[in-house]
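I opened my notebook to jot down what I could look up in this one. Here is where I started.

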Amino acid sequence: MTKGIKQRLVEMVATDLEKIEIELEHHLNPNLELVRQIASHLLFSGGKRLRPLLMIHSARLCGYHDDFEITFSTIFEYLHAATLLHDDVVDEADIRRGKKAAHTKWSAAKVVLTGDFLLARALEIAAKTREPDIISIIAKITRDMSQGEIDQLEKKGKSDLSEHEYLEIIERKTAVLIQGACQSGAILAKAPKEKQEALNQYGFHLGMAFQMADDLLDYTASAKQLGKNPGADMREGKLTLPLIHTLANASPEDKVWIKDAIATTKFDLDQFEKLKQKLVAYKGIEYTENRAQDHVKKAKACLDYFEECPSKEFLCVVADYAIERKV
């Protein structure tokens, strides 16, 4: 079913995807070839372009008909790529999208500065809209995502992380960018405040669902599907919802075993499989799936405000895809 949804999405936006690729290449335009090489290593390594597409179709849903939405949408891919470059350095991750992470090929300093370049390029394009509200949203996104990463770093290895703390982290790290893409599309279209808020809330719930689904995939997908090693979050000391819920409901004996497993530096495949069994037994997987599905339901409800059209259909299908995907 997932493959069918993915194929359907690609067919719906094939022309847009081609244009986005051209614009991403065109507007990258650094003064230094090295910056282009580092940025391109991640930018053109198979990303789904979800955030640009959400911005484009949010704008069209609000009646926008101007080619500039394609150019404007690159902001959200540049922002996303910048945070991934930074995150991989911070997390010392080896693999991203099935290939070696940028900082394993170039120095961490060069990779971080390339991420900074992408953030600046995003702000430069945002300024061309001459919409103060959009510029404010982009600034808020960069602020919140930075704070989300710092907050997660501060709580790294914390075995008693609460669900509330987790939700605050993923809102800042993931949801705000998707939320901002959707709301900015409505602002670009000069939509009334009611429509802006509807798409703002759609983006929030979609972002939360996407991150929860990602957290599930970290335990349920293969390395080939993920493009990185499964269980990476746990190995990096990051507690996500499946593990948080499991710890909250585990027996004292199992709670001790799980905490010891999280703390160990030598976590082998057998231990990982045993941990996954406990996530199922204590319904950590099921609980996360239900929470994600609830966010999808709420996201789709936000679209009831809009008339039927191809862009509304796309946004509805994206919401379903958020939790039915395998990568």
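Below are my entries, one topic at a time.

**Ground rules.** I am looking at a predicted model, where local features need pLDDT of at least 70, side-chain atom pairs count only at pLDDT 80 or more, and totals for chains, interfaces and linings use all residues. Residues are numbered from 1 along each chain as its sequence is written, and side-chain values use heavy atoms, with hydrogens and water left out.

**Cores.** I began with the nonpolar cores, meaning sets of buried Ala, Val, Leu, Ile, Met, Phe, Trp, Tyr and Cys residues joined through side-chain atoms within 4.5 Å. For burial I used relative accessible area: buried is under 20%, exposed is over 50%, and partly exposed is in between (1.4 Å probe, protein chains only). The largest core has 71 residues, and Phe-76 and Tyr-202 touch the most other members. Its top contributor is helix H5 (residues 68-91), which gives 11 residues. My helices are DSSP runs of H or I with at least four residues, numbered from the N terminus. I also noted a second, separate core of 24 residues, with Leu-167, Met-212, Tyr-219 and Phe-272 among them.

**Phe-76 and its rings.** Which residues does Phe-76 touch, not counting residues up to four places away in sequence? I found Arg-51, Pro-52, Met-55, Ile-138, Ile-141, Leu-177, Gly-180, Ala-181 and Ser-184, with contact meaning heavy atoms within 4.5 Å. Next I searched the whole structure for aromatic pairs and got five. Rings of Phe, Tyr and Trp (its six-membered ring) pair if their centres lie within 6.5 Å; planes under 30 degrees apart are stacked, over 60 edge-to-face, and the rest tilted. Phe-72 and Phe-76 make an edge-to-face pair, 5.8 Å centre to centre with 90° between the planes. Both sit in helix H5, four residues apart, about one turn of the helix, and both are buried. Ring pairs also bring in Phe-68, so Phe-68, Phe-72 and Phe-76 form a cluster.

**A charge over a ring.** I spotted Lys-278 over the face of Trp-257, 5.4 Å from the ring centre. The test is that NZ of Lys or CZ of Arg is within 6 Å of the ring centre and within 35 degrees of the ring normal.

**Two histidines.** His-245 lies in helix H12 (residues 241-249) and counts as buried because its relative accessibility is 17%. Leaving aside neighbours within four places in sequence, I see His-245 in contact with Tyr-282, Lys-283, Gly-284 and Tyr-287. His-295 is in helix H15 (residues 284-302), and at 6% relative accessibility it is buried too. With the neighbours within four places again left aside, His-295 contacts Phe-204, His-205, Met-208, Ala-209 and Met-212.

**Cysteines.** Cys-182 is buried at 0% relative accessible area.

**Positive phi.** Most residues other than glycine have a negative phi. Arg-49 has a positive phi of about 60°, in the loop between helix H3 (33-43) and helix H4 (50-61), and it is buried at 3%. Lys-283 has phi near 60° as well, in the loop between helix H14 (269-281) and H15, but Lys-283 is partly exposed at 46%.
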